[in-house]
Amino acid sequence: NGMNISVRLRGKVWQARVRYRGADGLIHEKHHSLSAPSDKTGRGKKTAMLEAEKWVKDAGFVEVVEQSQATRLDCSAYTYCLNYFKSLVATQQIERRTYTSYKNSIRYIDLFFGEKRLQDLTITDVEMYVSWLYDSNYSANTIKKAFNGLRQCTRHAVAIRDLQYDPCASIKAPRGQLAPPNPLDEPSRRKLQVMLAALELSPMVIATYLAYFTGMRREECCGLQWKDVKLKAEDVTAHLCRAISYDGGKTYVKGLKNGKTRTVPVPAPLVDILKQWRTKYIEDCMLMGVAFNEEMYVLGDFSGEYLRPERVTAWWKRHSEEWGLLGTQGRRPVFHDLRHTYATIAVRTMDIKSAQDILGHSDINMTMRYADTDMEQIQRAGRAIGEALNDAHKDGAEVLQLRRAI
């Protein structure tokens with residue numbers, strides 16, 4: 001496919017390099033450190049190359065053949081949009097899982113417009129498309145995604161002059177409905193802690209503790225390595241820099257959401273639990289005759305493999321139903337609701353900016369979703385504001401003086 005893959009030894013570490021032409025017509029270059037063994041003579045290059053080729057395949061690098069404008073436009077609106085999102089994957093502007101989501105959203109373009117070309121779409125066509133989505137009784141979120149997928153493509157087409165004007169520009173985007181958070185209610189929080197304490201430590205139990213005490217996402221829990229966890233008195237933190245994602249039944253290592261790393265505090269109860277788990281982990285390594293390595297995954301096995309996120313989901317679903325846990329919305333909590341539980345407590349116990357940084361929200365408004373007050377807070381606030389507004393009784397002389405002035 002014209003893609004150039006090479007490896008070279010830098011110190012004691014093999015490094016892979018891939019060069020390919022992206023959808024923008026430019027040559028892109030990516031680097032990646034490999035785990036293939038090496039010695040002073042540089043042996044192990046063949047193994048390193050095999051690992052490099054696997055990295056390129058798993059990362060989804062795709063060389064895009066540059067097309068003329070006539071070739072790009074000689075297809076249906078759906079195919080044009082699909083090719084656009086494929087190019088975003090090829091240039092690593094979106095990940096494969098995001099591409100799959102876009103692909104599912106723009107399939108409605110194919111259903112409604114058929115073979116109609118993008119340059120033939122009019123404002124009326126797009127209005128009829130949105131009306132058709134509403135009339136088909138799709139959910140508000142589905143309609144929003146279906147429209148936004150088309151609008152993103154038409155904007156791109158105008159930017160590269162495939163279109164003279166954007167047929168979506170004058171149409172207001174449909175509003176989606178963001179479901180309210182469903183953190184565990186107070187009885188369920190207490191029950192969860194009691195039930196977890198009765199279980200033997202395991203990767204699934206540790207994953208639950210991590211999500212509950214740090215607000216980590218499921219994929220971030222699975223991507224945590226021992227080198228990322230600091231349990232000394234002067235530094236009790238976890239540094240998050242990778243996650244385990246999946247697409248089409250396959251899992252792969254990726255960076256964090258929003259492309260940023262972050263550091264989260266590890267509360268005292270979790271410190272004790274992680275210390276016990278680390279001791280057990282090292283002892284099990286010794287029993288298996290495997291040398292413990294800081295790059296092993298906290299939830300992984302001795303071969304260096306990570307825990308697949310869907311296994312965590314299945315375990316949590318089974319146990320949360322068995323324990324009868326409920327969220328504040330009256331629904332059975334999913335694993336991600338442990339993060340919602342952490343967020344709800346975080347915005348009540350720390351400043352909102354710190355909560356945003358710890359949770360890794362790019363928009364502070366997302367963090368503010370968890371700032372809803374409960375009844376106890378409302379009653380406490382009512383007493384405080386009542387005392388503040390009704391402070392005349394505190395100084396009778398001053399009240400008398402005011403009456404005389406009136």
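Biologist: Where is Arg-161 found?
Modeller: Arg-161 is in the loop between α6 and α7 (186–197). Helices here are DSSP runs of H or I with at least four residues, strands are runs of E with at least two, and both are numbered from the N terminus. The model is predicted: local features need pLDDT of at least 70, side-chain atom pairs count only at pLDDT 80 or more, and totals for chains, interfaces and linings use all residues. Residues are numbered from 1 along each chain as its sequence is written, and side-chain values use heavy atoms, with hydrogens and water left out.

Biologist: What is the phi of Arg-161?
Modeller: Its phi is near 65°, a positive value in a residue other than glycine. Most residues other than glycine have a negative phi.

Biologist: Is Arg-161 buried or exposed?
Modeller: Arg-161 is exposed, at a relative accessible area of 71%. With a 1.4 Å probe and protein chains only, buried means under 20% relative accessible area, exposed over 50%, and partly exposed in between.

Biologist: And what about Asn-137, where does that residue lie?
Modeller: Asn-137 lies in the loop between α5 (123–135) and α6. Its phi is positive too, near 60°, and Asn-137 is exposed with a relative accessible area of 69%.

Biologist: At what angle do α4 and α6 pack?
Modeller: Helix α4 (residues 96–113) packs on helix α6 (residues 140–159) at about 85°, and their axes are 8 Å apart. That makes the two helices roughly perpendicular. Axes are lines fitted to C-alpha atoms, for helices over the stretch in contact, and angles run from 0 to 180 degrees between N-to-C directions. Under 35 degrees counts as roughly parallel, over 145 as roughly antiparallel, 65 to 115 as roughly perpendicular and the rest as oblique.

Biologist: Which residues of α4 and α6 meet?
Modeller: On the α4 side they include Tyr-102, Ile-106 and Phe-113, and on the α6 side Ala-146, Gly-149 and Leu-150. Contact means heavy atoms within 4.5 Å. The residues of this contact divide into 7 nonpolar, 4 polar and 1 charged.

Biologist: How far apart are the axes of α8 and α11?
Modeller: The axes of α8 and helix α11 (residues 309–323) are 10 Å apart, with a packing angle of about 85°. These two helices are therefore roughly perpendicular to each other. Met-204, Val-205, Ala-207 and Thr-208 in α8 meet Arg-311, Val-312, Trp-315 and Trp-316 in α11.

Biologist: Which residues of α13 are buried?
Modeller: In α13 (residues 352–359) they are Ala-355, Gln-356, Ile-358 and Leu-359. Seen down the helix axis, the buried residues fall within an arc of 170°, so they line one face of α13. The arc is that of the directions from the helix axis to the C-beta atoms.

Biologist: What covers that face?
Modeller: The cover includes α8 (203–214), β8 (262–265), α12 (336–349) and α14 (364–368). After α13 comes Gly-360, with a positive phi near 80°.

Biologist: How does β8 pair with β5?
Modeller: β5 and β8 are antiparallel, paired over 4 bridges; two strands pair if DSSP finds at least two bridges between them. Ala-238 stands opposite Val-264 in β8, and Val-229 stands opposite Ala-238 in β5. Strand β4 (residues 229–232) is also antiparallel to β5 (residues 235–240), joined by 4 bridges, and β4 and β5 form a hairpin with 2 residues between them.

Terms used. Ala, Val, Leu, Ile, Met, Phe, Trp, Tyr, Cys and Pro count as nonpolar, Asp, Glu, Lys and Arg as charged, and the others, Gly among them, as polar.
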